[in-house]
Amino acid sequence: MSDRAASIPGLVLAAAIIALALYGTLSARKDDGVAVKGKEIDRLEDAIILEGLEMNTEIPPESETADHGGMILYDEDFIVEGDSPEHIAKKDDAGNADSILAGLKKEDARWHARDYTIRRGDNLWTIAKKFGIDHRLIIRINEIRNPDSLRPGKKIMVPCRTGVYYTVRRGDTITGIASRYRIGAGKISSHNEITSLIKPGMRIFLPGGVAPVVRRRTVSQDRGAIADNRMLKKDILKMSFSWPVRGRITSSFGDRRDPFTKKRRFHCGIDISLEPGTPVKAAADGTVIFSGWKDGYGSVVVIKHEKGYITVYAHNKSNGVKEGEEVKRGQEIALSGMSGLATGGHLHFEIRKYLTPLNPLRLLR
């Protein structure tokens, strides 16, 4: 046996030792309570999106049930200043929920956390929108590492700034204030760090409190809201997509009778009739976050674009791009087919804002 041959077992053993060491390091990092951050959050977002994709759903998206005068809106103003992903990334040294909340509270005394039970139809982004925060805060404060952490029935902690400021008046007690504003007295005391009697003139924050009297909005406030909405529409109209193929639309976006179950469900995209083998092109620049087989969709490509937009190209005969690949608008990414649950040759195409389905016909140019 040559010296070179004799050294092979040694090399294999050394490689195994290195692999075990790396595995131990990664495992330790996963379990040591370090906050989820950076690219790890991006990968988790992609996993949540892929897990939540459904061609047909029994729960129509909120944007389609609300009256927006024909416009399909995804209101982004819940991502408020100070909660941008870039800003949150600066706090990645915080290793647990208490330290994250403490850091947030230093910047804004209103920050607090409340328990939330995930309901059917919820996803990471709809919950974030409901509480007026960036979705990454939910990930970090709950140390979410996989989509299973967001199943219906699961309880999570949601950081928020909902509530009202209150100036203490003569005769007020914490119990009385708590009763009027429908909040626990203990929450008032702990949030405001009250250790003695409250005094008239003190300004305290009531986390989650609801004002007993709803004040009527002024005309100037209404006009401001209208102006904000116009700006929102203008911003959304800037985002457009090219047609991935040209063909006859055989099934539109919206409520329809499922061809397989015969039940009425919400169709989350459009179906474009095509001869199998027709080139399918990317609707906009982006990164491929999935290329493979998914139940119902068959052979499918999913592309992530700027500002959280997603496009889905399903029922392909074959995919021409791989996960992680950067693609350009108009680049060929697949050949159409009839894989998965398809009654004939066509492309099932979706545009989403994270997981919220949007009507492609309102965004295609």
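Visitor: How many helices and strands does the chain have?
Guide: The secondary structure comes to 10 helices and 17 strands. Helices (H or I, at least four residues) and strands (E, at least two) are DSSP runs, numbered from the N terminus.

Visitor: What kind of model is it, and what are the ground rules?
Guide: This is a predicted model: local features need pLDDT of at least 70, side-chain atom pairs count only at pLDDT 80 or more, and totals for chains, interfaces and linings use all residues. Residues are numbered from 1 along each chain as its sequence is written, and side-chain values use heavy atoms, with hydrogens and water left out.

Visitor: What share of the residues is buried?
Guide: Of the 365 residues in the chain, 41% count as buried. Buried means under 20% relative accessible area, exposed means over 50%, and partly exposed is in between (1.4 Å probe, protein chains only).

Visitor: And what share of the contacts is between residues 24 or more positions apart?
Guide: Such residues account for 70% of the contacts in the chain with a separation of 6 or more. Contact means heavy atoms within 4.5 Å.

Visitor: Helix packing next. At what angle do α6 and α7 cross?
Guide: The axes of α6 (residues 124–131) and α7 (residues 135–142) cross at roughly 105° and come within 8 Å. Axes are lines fitted to C-alpha atoms, for helices over the stretch in contact, and angles run from 0 to 180 degrees between N-to-C directions. The two helices, α6 and α7, are therefore roughly perpendicular. Under 35 degrees counts as roughly parallel, over 145 as roughly antiparallel, 65 to 115 as roughly perpendicular, and the rest as oblique.

Visitor: Which residues meet there, in α6 and α7?
Guide: From α6, L124, W125, I127 and A128; from α7, H135, I138 and I139. By class, that contact of α6 with α7 has six nonpolar, one polar and no charged residues. Ala, Val, Leu, Ile, Met, Phe, Trp, Tyr, Cys and Pro count as nonpolar; Asp, Glu, Lys and Arg as charged; the others, Gly among them, as polar.

Visitor: Back to H135. Buried or exposed?
Guide: H135 sits in helix α7 and counts as buried because its relative accessibility is 3%. Leaving aside neighbours within four places in sequence, H135 is in contact with E45, L124, W125, A128 and Y354.

Visitor: How do α5 and α7 pack?
Guide: Helix α5 (residues 97–107) and α7 pack at about 140°, with their axes 8 Å apart. That makes α5 and α7 oblique to each other. A97, I100, L101 and L104 in α5 meet L137, R140 and I141 in α7. The residues of the α5 contact with α7 divide into six nonpolar, no polar and one charged.

Visitor: Aromatics now. How many aromatic pairs turn up in the whole structure?
Guide: The search finds seven. One of them is Y166 with Y181: edge-to-face, 5.5 Å centre to centre, 65° between the planes. Rings of Phe, Tyr and Trp (its six-membered ring) pair if their centres lie within 6.5 Å; planes under 30 degrees apart count as stacked, over 60 as edge-to-face, and the rest as tilted.

Visitor: Where in the chain are Y166 and Y181?
Guide: Y166 is in strand β4 (residues 163–167), and Y181 is in the loop between α8 (174–180) and α9 (185–192). They are 15 residues apart, and the pair links distant parts of the chain. Y166 is buried at 6% relative accessibility, and Y181 is buried at 12%.

Visitor: What lies over the face of Y165?
Guide: R203, at 3.9 Å from the ring centre. A charge sits over a ring if NZ of Lys or CZ of Arg is within 6 Å of the ring centre and within 35 degrees of the ring normal.

Visitor: Backbone check. What is the phi of E143?
Guide: E143 has a positive phi of about 50°, although it is not a glycine. E143 is in the loop between α7 and β3 (155–160), partly exposed at 27%.

Visitor: And the phi of E193?
Guide: Positive too, about 55°, and E193 is not a glycine. E193 is in the loop between α9 and β5 (203–207). E193 counts as exposed, at 65% relative accessibility.

Visitor: Last one. Where is L364?
Guide: L364 is in the segment after β17 (356–358), buried at 7%. L364 and W243 are 121 residues apart in sequence but 6.1 Å apart in space, C-alpha to C-alpha. Leaving aside neighbours within four places, the contacts of L364 include W243, P244, I270 and F349.
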